[in-house]
Amino acid sequence: MPVERRDPAVCNDSNKKEGKGEMTKAPICLQDLRRSLYVKAKAEPTWRFWGLYVHVCKMETLYEAYQTAKKNDGAPGIDGVTFDAIEEGGVESFLQQIKDELVSNTYRPMRVRKKEIPKDGGKVRILSIPSIRDRVVQGALKLILEPIFEADFQSGSYGYRPKRTAHEAVNRVAQAIVEEKTRIIDIDLSAYFDNVQHSLLLEKVAQRIQDGEVMHLLKMIVKATGKKGVPQGGVISPLLSNLYLNEVDRMLEKAIATTRRGKYTHVQYARFADDLVILTDSHPRHGWLVRAVEKRLREELAKLNVTINEEKSRTVNLSKGESFSFLGFEYRLILSRNQMWRPQYTPRLKKRKAIRKAPRDLPTIYEPTRGESDRVDQPDLAGMGELLCSGALKPVLRVRQRLGREEDSTAPDAIPKTSRVRLEKVE
């Protein structure tokens, strides 16, 4: 009777085991494993991976997860254990204890520590801080699952993904405006992270993962914070939140492909976690696109039980002088010097005001060491010239020049505006 061949760890080994639950014994480094998982997932979109739990429990994976958590240097969890205490007691024994609990299936995640973070308008965001022990387990699980789901994520998703930044999402939106996609659907999701349905989330994970121990571990992690939602502050939460909205991204990619005419597209989008903006063509005959895309978007979000904040969500037409915000930038159309319309995106007003109110938080400039023969009251022109040529001061000079125009304008001995630049030095 023919037996379906399975490839649990996607390893290149001639002695692969056929039975479910048996793992390849050949050693493989973590990076090679992650690369193999990604290649396999990309090549076979319907493949379901199994036999992954043993890689989560490896000391190599746990150590990498610990180093990542330590690099982020977060606050301690509900148990109060800090990185200094772990280092003093021994990292090896700490990780070995976690491994023993995972292997024996006695690991249980602790409750998260709640921390309120103030938001605009007097609102607060609840930050859930896991213990360092739980951060290591979540990090190890993420190291194994991330390459699998990364192969399924779409090009318009930028939030918390490897080798992708918010600046790229901002530029993607600006490029779409250059291509005359000036009808905007600005979507705001109501408390998205708090309303993720665990059953739907685990179903999406199970479409790719056929490993009972991994699924059981993941279920314990998401259930530790309540009956629904993913914790803002959890190590694996960004991966899970992107996976939850991946079908929305697929729908938008299909809309781009369906409306494409040769090299021209009539729809574009960018998503960073729960921030989503959709741009459609400005031609009058494409007015139906806005209604069609918004209708399909609402249908997909309804399947996920994700609600839209109707007060903050709106449709914008940049060609009528309107504007919208995305990732802290405000977009609008302006007339350039050569009488051509171009996009302008600048930091929102409240962000600029925050910088003006806290100038002391700006980086300071290091004063180069002087020689014994140098006069104390003489500026070190050589050292200053080296800093200016290196480009290290450009961000500081730009911001300081703006702030200096306001502060020095009231001084009796104000210098000309063209040369007014404020510098700082370390005392």
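## Terms and model

On a 1 Å grid over the protein atoms alone, a pocket is an open set of points with protein on both sides within 12 Å along at least five of seven lines, a cavity is a set of points where a 1.4 Å probe fits but cannot get out, and a lining residue has an atom within 4 Å of a point. Grid points are joined across faces, edges and corners, and a volume is the space filled by probe spheres set on the points.

The model is predicted: local features need pLDDT of at least 70, side-chain atom pairs count only at pLDDT 80 or more, and totals for chains, interfaces and linings use all residues. Residues are numbered from 1 along each chain as its sequence is written, and side-chain values use heavy atoms, with hydrogens and water left out.

## Second largest pocket

The second largest pocket has a volume of about 420 Å³. Its lining consists of Gln 31, Arg 34, Arg 35, Tyr 38, Lys 42, Glu 146, Pro 147, Glu 150, Phe 153, Arg 161, Pro 162 and Lys 163. Helix H1 (30–43) and helix H6 (132–150) are the elements that give two or more residues to this lining; helices (H or I, at least four residues) and strands (E, at least two) are DSSP runs numbered from the N terminus. H1 supplies the largest share, 5 residues.

By residue class, the pocket lining divides into 4 nonpolar, 1 polar and 7 charged. Ala, Val, Leu, Ile, Met, Phe, Trp, Tyr, Cys and Pro count as nonpolar, Asp, Glu, Lys and Arg as charged, and the others, Gly among them, as polar.

## Cavities

The count comes to 3 cavities of 30 Å³ or more. About 60 Å³ of space lies in the largest cavity, which is lined by Pro 109, Met 110, Val 112, Pro 130, Asp 134, Gln 138, Ile 221, Ala 224, Thr 225 and Pro 231. This lining divides into 7 nonpolar, 2 polar and 1 charged.

## Gln 232

Gln 232 is in the loop between helix H9 (212–223) and helix H10 (237–244). In sequence, Gln 232 and Ile 126 are 106 residues apart, while their C-alpha atoms are 7.3 Å apart in space. Leaving aside residues up to four places away in sequence, Gln 232 touches Arg 125, Ile 126, Leu 127, Ser 128, Phe 193 and Asp 194, where contact means heavy atoms within 4.5 Å.

With Arg 125 there is also a polar contact between the two side chains, at 3.3 Å. Such a contact is a pair of N or O atoms within 3.5 Å; within protein, one must be able to donate a hydrogen and the other to accept it, and residues adjacent in sequence count only if both atoms are side-chain atoms.

## Four-stranded sheet

An open sheet of 4 strands has the order E4-E5-E3-E6, with antiparallel pairing; two strands pair if DSSP finds at least two bridges between them. Strand E4 (267–272) and strand E6 (314–317) are the edge strands, each pairing on one side only. On average, neighbouring strands of this sheet are turned by 20 degrees against each other, direction ignored. Strand E3 (residues 183–188) pairs with E6 over 4 bridges, and Arg 183 stands opposite Asn 317 in E6.

Helix H7 (residues 166–178) lies across E4 and strand E5 (275–280), at about 160 degrees to E4. Helix H11 (residues 246–259) packs on the sheet, touching E4 and E5, and its direction makes about 160 degrees with that of E4. Axes are lines fitted to C-alpha atoms, for helices over the stretch in contact, and angles run from 0 to 180 degrees between N-to-C directions.

## Three-stranded sheet

A second open sheet, of 3 strands, has the order E7-E8-E9 and antiparallel pairing. Its edge strands are E7 and E9, and neighbouring strands are turned by 40 degrees against each other on average, direction ignored. Strand E7 (residues 324–326) and strand E8 (residues 329–335) are joined by 3 bridges, with Phe 324 opposite Tyr 331. E8 and strand E9 (residues 341–347) pair over 7 bridges; Phe 329 stands opposite Pro 347, and Tyr 331 stands opposite Tyr 345.

## Positive phi values

Most residues other than glycine have a negative phi. Glu 180, in the loop between H7 and E3, has phi near 65 degrees. For Ala 273, in the loop between E4 and E5, phi is near 60 degrees. The hairpin of E7 and E8 has 2 residues between the strands, and Leu 327 in its turn has a positive phi of about 55 degrees. In the hairpin of E8 and E9, with 5 residues between the strands, Gln 339 takes a positive phi near 60 degrees.
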